[in-house]
Amino acid sequence: MSHRETVTRWALAGLAAATATIGSALAQTPAAPAAPPPVKLGIVSFLTGPAASPFGIPGRNGAEIVIEALNAGKAPAPFNTVGFGGSKIEAKYVDEAGTVANVVTEYRNLVQRDQVDAVIGYVSSGSCLAVTPVAEELKALTVFYDCGTTRIFEEKPRNYVFRVSPHATMDNVAAARYLVAKKKNITSFSGINQNYAWGQDSWRDFLGAMKVLAPKAEADKVLFPKLFAGEYGAEVSTLLTSKSQALHTSFFDGDLEGLVYQEQARGLDKRMTIIMTTGEAAIWRLRDKLPDGTIIGGRGANGPLARDTEINKWFQKIYTDRYNIPPTYPSYQMAQSLLGLKIAYDKAAKAGAKPTADQIAAAFKGIEFEGPAGHVKMMLGDGHQGITETAYGTYRFNKQKKEPEIVDIIRYPAECVNPPAGVEAEAWIKDGMKGAKCN
Amino acid sequence: MLITFAILTDGLVYAAYLFIVAIGLTLIFGVMKILNVTHGSFYAFGAYGAATAVGIYSNADWPAAAGFLFMLVLAMAIGLVMGLILERGLLRLVYGKDEVVIVLVTYATFLILEDVIVLIWGPQSYAAYQPMVSAGNIEIGELVLSNYDIVLVAIAAGLAGLAYWSLKFTRYGRLLTTVIFDRETAAAFGINVTLVYSATFVIGAMLGALGGAMMAPKIAVTLGIGVEVIVLAFAVVAIGGMGSIEGALVGALIVGICRAAAVHLVPQIELFVIYGVMALVLVARPYGLFVRAQPRKI
Amino acid sequence: MFLFAAAAAPLLPEWIVSLTTIAFANALVVLGLVVLWRVGLVSFGQALYYCIGAYVVALLARWTGLTDAFALIVIGGVAAGLVAVLIGFLLARYREIFFAMLSLALSMILYGVLVKTESLGSSDGFSVTTPTFLGYAPHREALGLSLYWLTLGVDAIAAVLVGAYFRSVAGALAAPIRDNEIRVEFLGVSVNSIIHAKVVIAGILGGLGGALAAMAIGHVDPNMAYWTTSGSFVFVTILAGAGSVAAAFVGSLVFEAVRSFAVDVMPGLWQMTLGSVLLLTILFLPDGLGSLVSRLKRRGEVQRP
C-alpha cells in the first residue's frame, strides 16, 4: 500500500484509540480515598472571557482561600471545625463560559460524572436560570453565589437550590434611597445600563424605587448600549445634553472602566453625580481615575463597605496576603456561600454519617449567621434566599495615603431594601415598598 | 441644532473607529479573497500591545506625544510580526483550497490566539488611558469633545488619504489594484502575485493592530474585545463592498452616523442598526455599494 | 449505526446520554449546513432557525400548555421552515460571502429583538416545560432516555430523507451548480429555485434541531441566535465534511466530546484546544472526518479480488 494509505490507517487507528480512551476516562469516577471521605464541591465561575477578571476569578480565589482555611480548621468561630462536618473539602473548578447548553452539560458532568456533593457557582443569571430546573430534577444541592436575578425563587418553590447572596433588587433600591438622601431636591436623573437582563432589571428596579421615593423627579435619558460595546462616545454626548443631576449605571468591569475613562475626558461627572451599583469591584483598579463624589455600591456590605468585624478582618487578611489585592464583592459572595453551606452541612452531619442532599437542604433552610459581609438571614424563597444589609457610600481618593476610600457610608438594614417574605420584588416596589423597615 | 451637531460628531468618531478597523480587512479580502477572521486577533494584540507600551512609557515618564507614537509603532510592529508568521507559516499551506476552508483556518487561528493572549497577558484587564487623558478636551457650546477623538478622526482621514494616494500613484498601489481586479491576468503579466499577497496580508495585519492600539486608551483592554470587532468590521466591509477602500470609508460613515442618530433619537433600535443597514444595503446592491456586479463567467 | 446507538443508551451513564442528545440535536443543524455546502454555500445564520425552533417549543409549552414532544418538534420545524421560505426569496439570489453575511445579519436581527423583549426574559431566556410523549410523562433517567431516543429517531428519519434527496435529481445538481451555475441554467433548470429549496430544507432541519435541543437543555435564550452559535455549527460541518450524511452525526459527537474534554482537562485554555483541533483537521483531513470513512470503504472495495 502507498505511504499515504499507511498514514491514513494509523491516523484512523489513533483516532479510534483516542476516542476510546477519552470515553473511558470521562466515564470513570475517581476512586474515593480511605477515610473520612472528602466532601467534593464543584465550583463554577467564569475562568475565561470578559467576565473572568471582575467576577469569575475573584470568586474562584475566594473559594480557594476559604476552602484552604476551612480544611486547616483555621477559620474563626463558629467555622473553626475542619472542612464540612469534619471531612476535608476537595474542590473542582469549572469554567462557566460557553453557551447555555455547555453550562448545563458541564453541570450534569459535575453532578453525574464527577459525583460532587454540592455545586457552588454561577455569575450569569442565564446560567442560574438554566441550571435551576436541572438541579431540582437531579436533586443536587446547588448554591448560587453571584447571579442577581429575582426570578429563581419567585417563579417556583425550590428544594435543592439556595442563594446566600441577596439578589439585585436590593442594590438598586438602596441606590435610590442613598441618592434621595444625598440630593433631596433632585428633579431629573438618567440611566446608562447594558442592554441585557442584568442592565434592564437594574434600571427597572431603580426607576421603580425612584418613583416611590422621589415622585417629582423624572427620568430623562434612558440608554441601553450593547453589552461589551466598549465605546460610549455617542452615549456620553447624549448625556452631556441632558439636565439630569444624577446618572445610574449597573455597568461592570471593562464597560465600567471604559465609560469612566471616556466620560472623564469630557467632564461628564462634573455635571452629574454617577451612581455605580457595582462600583466597589472596580475601585482598586480605577483608583485615582474614578471621580471623587461617585456613589458606590457593592452588592451588599462588601469590601470597604463592610463592617469592621473580626471575621471580616480575617477574610480580608487571608485574601490579600495570598492574592496581593483586597477582596471585592464576588469574593465575599463566594465566602458567604461557602460558610452558609458549612453551617448547613455541620448541622446535618451531627448524626455522624455522611448527610444526604435532602438532609443538608433541610438544615440550610432559614438559617442565620454572621459572615464577612455581615449578618445573613435565609428569609425569602421559603428559606432558600438570603438577605443581608447593604451599604452605599461616596468615593474619595485619599491623596495623602494614595488609597481609594469610601466615605459617608449609609447602611440599610436587610428588611429596608429587600421585599418581605412571599412578595415578588417588582410588585413590592410598584406597590410603594410596603413593609420596609428602615431606621 | 445641538443634537444634530452631536450626532454628526459622534457619527464621525465612531466612523473613524470602524474605518481603521475595516480597512485592513477589506484590503486582505480584495486582494486575496480571504475573509480574515484573525483580524479580530490583530486588533486585540494591538490593543494589548498598546497597553503594555503605555505601561512602559508612563513609568519612564515620557512626554505624551512621544509616548503615543511609541504605542502606535509598537502595535504596528506586533502586527507586522504576527502577519508574517501567519502568512508564511499557515496561509501558504491552504492557498489553493476552497474560500470557505481558508475562512475556517482563520477562525481556528483566532480561537487559538484568544487563549494565547491569556497566556501572555493573563486574564485581567489592562488600562491604557494616559494618551486620552493627556489630550484634554474642548467645549463647543454645551457639548464637550475629547481631543483624543479628534485625533482619531484625523488619523482615520489621513489613512484614507494615504490609502487612496498609494493605490493610485505608487507602483505597489497600482500592482495591488491590478491583482484585485484579476489575479490570473496579473500573474500572466509577470506580476509576482505571491509577493503582493504577503505584503498585503502583512499590511492588513498592521492596520488591524493599529486599530486596536488607537482604541486602547478609550476602552478597557480585556478578553473578548476581538470578537465584537470582527462582526462590526465585516458588516462595514459588506456594506462598502469587498476590496474597496472608498467603500469601507462610506460604509463606516453610514454606519457611524446611523448608529449615533439611533442612540440620540431612538435608543431602542441601537442594537440592530448595523445589521439592519447591512441587510438593506445588500438587498439593494448585492455586492456592496462600490463593487459593481461581476460579469458572469461562462 | 443508529440502532447501535439506540441500543447502547440504557447502558451508558446519564451524563453521556444527555451530552449525546444535545450533540445529535445539533447534528440536524449541521446536516442542513451540509446540504447547503454541497452547492457551495455556507450559511453563517443557521442559528436563526435553531433559535426559532427552540423558542417556538418553549413558548407553546408556556402559553398553551402543549407539552407533547412530537407535536412540538413538528411545529418547531414547520415554523422555521416557513421563515426559511420567506427569507429564501431574498437569500437565494446571493452567493458566496454575501450569502453568509446576509444570513448572519438576519440571525443577529432576531437576536437583537429577543434581547430587547423583556417579557421573554430578555437575555436570560426562560425555561422549557418538561415534555411529555403522547401522554407518557417520564422523569429523570427515563426522561433523558426518552429524549435521546426521540432525537435519534428524528435523526434517523432526517438521514434517510436527506440521503434520498442527495440521490435525487435536485440533490445531484448540487455539484454542477457549485461549479458553474450558468451552464446548469442552460439545461432549463432554475438554479434559484433549487437553492431556495435547499435553504428551506436547511431551515427545517435547523428548526427541528433547535426544538430538540430546547427540550434536551431545558432552557432557551437569545444567544441561540448569536453568530458565534452559527459559527460553531459551521465548525462542526467542516470537521465532518460534506462527504456523507453520517458524517454530520459523527462530527457533532466528536465536537461535543472534544469540547467537554477540553473544559475538563484545561479549563482556562479550552478555546485553544478546540481551535487546534479544527486547524489540524483542516490541514490534514481537508474533506473532514467523513472522508476517513469513505476512504476506508474504498480500500475495502479495492482489496476484494
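## Where chain C meets chain A

In this predicted model, 34 residues of chain C are in contact with 33 residues of chain A. On the side of chain C that touches chain A, the elements that give two or more residues are α2 (14–38), α10 (191–217), α12 (245–265) and α14 (288–303) of chain C. The largest share comes from α2(C), which provides six residues. Sorted by class, this side of chain C has 14 nonpolar, 13 polar and seven charged residues.

## Where chain B meets chain A

Chain B also touches chain A, and here 38 residues of chain B are in contact with 32 residues of chain A. Two or more residues come from each of α1 (2–32), α5 (130–135), β3 (143–146), α6 (147–169), α10 (225–240) and α11 (245–265) of chain B. Among these elements, α1(B) gives the most to the side that touches chain A, with seven residues. The residues on this side of chain B divide into 24 nonpolar, seven polar and seven charged.

Two of the helices named above, α10(B) and α11(B), also pack against each other, at an angle of about 115 degrees and with their axes 7 Å apart. The crossing in which α10(B) passes α11(B) is right-handed. From α10(B), the residues A235(B), V236(B), V237(B), I239(B) and G240(B) meet G247(B), A248(B), V250(B), G251(B), A252(B), I254(B) and V255(B) of α11(B). By class, this contact has nine nonpolar, three polar and no charged residues.

## The sheet of chain A

In chain A, seven strands form an open sheet with mixed pairing, in the order β7-β6-β8-β9-β10-β14-β15. Its edge strands are β7 (218–223) and β15 (403–412) of chain A, each of which pairs on one side only. From one strand to the next, the twist averages 25 degrees. Strands of a sheet pair through backbone hydrogen bonds, and they may do so in either a parallel or an antiparallel sense.

Another helix, α7 (residues 197–213) of chain A, lies across β6 (188–192), β7 and β8 of chain A and runs at about 170 degrees to β6(A).

## A buried methionine in chain C

M108(C) lies in helix α5 (residues 96–116) of chain C. With 27 other C-beta atoms within 10 Å, M108(C) is buried, because a residue counts as buried when 20 or more lie within that distance. Leaving aside its neighbours within four places in sequence, M108(C) is in contact with F272(B), Y275(B) and W227(C), a list that includes residues of chain B.

## Backbone details in the loops of chain A

A cis peptide bond, with omega of about 0 degrees, joins A77(A) and P78(A), and P78(A) lies in the loop between α2 (52–71) and β2 (89–95) of chain A.

N324(A), with a phi of about 65 degrees, is found in the loop between α11 (310–323) and α12 (329–348) of chain A, and it counts as exposed, with 7 C-beta neighbours inside 10 Å. K402(A), with a phi of about 55 degrees, has its place in the loop between β14 and β15 of chain A, and K402(A) also counts as exposed, with 9 C-beta neighbours inside 10 Å.

Technical notes. Residues are numbered from 1 along each chain as its sequence is written. Chains are lettered from A and ligands numbered from 1 in the order in which they are written. This is a predicted model: local features need pLDDT of at least 70, side-chain atom pairs count only at pLDDT 80 or more; totals for chains, interfaces and linings use all residues. Two residues are in contact if their C-beta atoms, placed from the backbone, lie within 7 Å. Helices (H or I, at least four residues) and strands (E, at least two) are DSSP runs, numbered from the N terminus. Ala, Val, Leu, Ile, Met, Phe, Trp, Tyr, Cys and Pro count as nonpolar, Asp, Glu, Lys and Arg as charged, and the others, Gly among them, as polar. Axes are lines fitted to C-alpha atoms, for helices over the stretch in contact, and angles run from 0 to 180 degrees between N-to-C directions. A crossing is left-handed if the near helix is turned anticlockwise from the far one by less than a right angle, and right-handed if clockwise. Two strands pair if DSSP finds at least two bridges between them. A residue is buried if 20 or more other C-beta atoms lie within 10 Å of its own, exposed if 12 or fewer, and partly exposed in between; C-beta atoms are placed from the backbone.
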